[in-house]
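Let's take a walk through this one together, step by step. Have a look at the sequence and the fold before reading on.

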Amino acid sequence: MTERKKALLAVSFGTSHAGTREKTIGEIERNIAAAYPEYEVRRAFTSGMILNVLEKRDGILIDNVAEAMNRLVGDGFHEIMVQPTHVIPGDEYENMVSDVLMFQDRFDK
């Protein structure tokens with residue numbers, strides 16, 4: 001029987017500050033990985049502005065939510081969980097939910 005690939009997508013607004021990113025978002029992702037060892041933890045940011053700064057200034061490529069979901073499909077994952085770190089469900093959160101729902105029929109769970 002083929003192993004069912006599982007991923008947990010940690011979705012954050014993002015930050016362009018490396019130290020802050022490591023101490024906050026990185027720490028959250030490490031805690032998620034420890035709590036869910038059967039899931040591969042992936043990262044996505046919702047802020048286009050942050051993604052652009054990271055790419056242009058630092059050469060760092062981080063997926064937005066749609067890109068991350070598409071990559072999960074392409075990488076053969078069957079089950080995903082999405083864990084946002086947004087404190088207040090505003091526009092960024094609503095856009096994330098819309099992006100995730102576009103892919104809901106591409107996964108078993």
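Which residue in β2 is the bridge partner of Leu9? That would be Arg42. Before going further, a word on ground rules: this is a predicted model, where local features need pLDDT of at least 70, side-chain atom pairs count only at pLDDT 80 or more, and totals for chains, interfaces and linings use all residues. Residues are numbered from 1 along each chain as its sequence is written, and side-chain values use heavy atoms, with hydrogens and water left out.

Back to the overall plan. The chain has four helices and three strands, where helices (H or I, at least four residues) and strands (E, at least two) are DSSP runs numbered from the N terminus. Follow the sequence and you get the pattern β-α-β-α-α-β-α.

Strands of a sheet pair through backbone hydrogen bonds, either parallel or antiparallel. Here the three strands form an open sheet in the order β2-β1-β3, with parallel pairing; strands count as paired if DSSP finds at least two bridges between them. At the edges sit β2 (40-45) and β3 (79-84), each pairing on one side only. The parallel pairing of β1 with β2 runs over six bridges, and Leu9 with Arg42 is the pair we began with.

Val11 counts as buried because its relative accessibility is 0% (buried means under 20% relative accessible area, exposed over 50%, partly exposed in between, with a 1.4 Å probe and protein chains only). Leaving aside neighbours within four places in sequence, Val11 is in contact (heavy atoms within 4.5 Å) with residues including Ala44, Val65, Val82 and Met96. Across the whole chain, buried residues make up 35% of the 109 residues.

What is the inside made of? The largest nonpolar core has 15 residues, and those with the most contacts inside it are Val65, Met69, Leu72, Ile80 and Phe107. A nonpolar core, by the way, is a set of buried Ala, Val, Leu, Ile, Met, Phe, Trp, Tyr and Cys residues joined through side-chain atoms within 4.5 Å. At least two residues of this core come from each of β1 (6-12), α3 (65-74) and α4 (91-101), with α3 giving the most, five residues. A second, separate core of six residues includes Ile25, Leu51, Leu54 and Ile62. As for Ile80, not counting residues up to four places away in sequence, this residue touches Ala7, Met69, Leu72, Phe107 and Lys109.

Let's finish on helix α2 (residues 48-58), whose buried residues are Ile50, Leu51 and Leu54. Seen down the axis of α2, these fall within an arc of 100 degrees, so they line one face of the helix; the arc is that of the directions from the helix axis to the C-beta atoms. An α-helix has 3.6 residues a turn, so residues three or four places apart point the same way. The buried residues of α2 pack against α1 (18-35) and β2, while the face turned away from the buried side carries the exposed Met49 and Lys56. Just after α2, Gly59 takes a positive phi of about 70 degrees.
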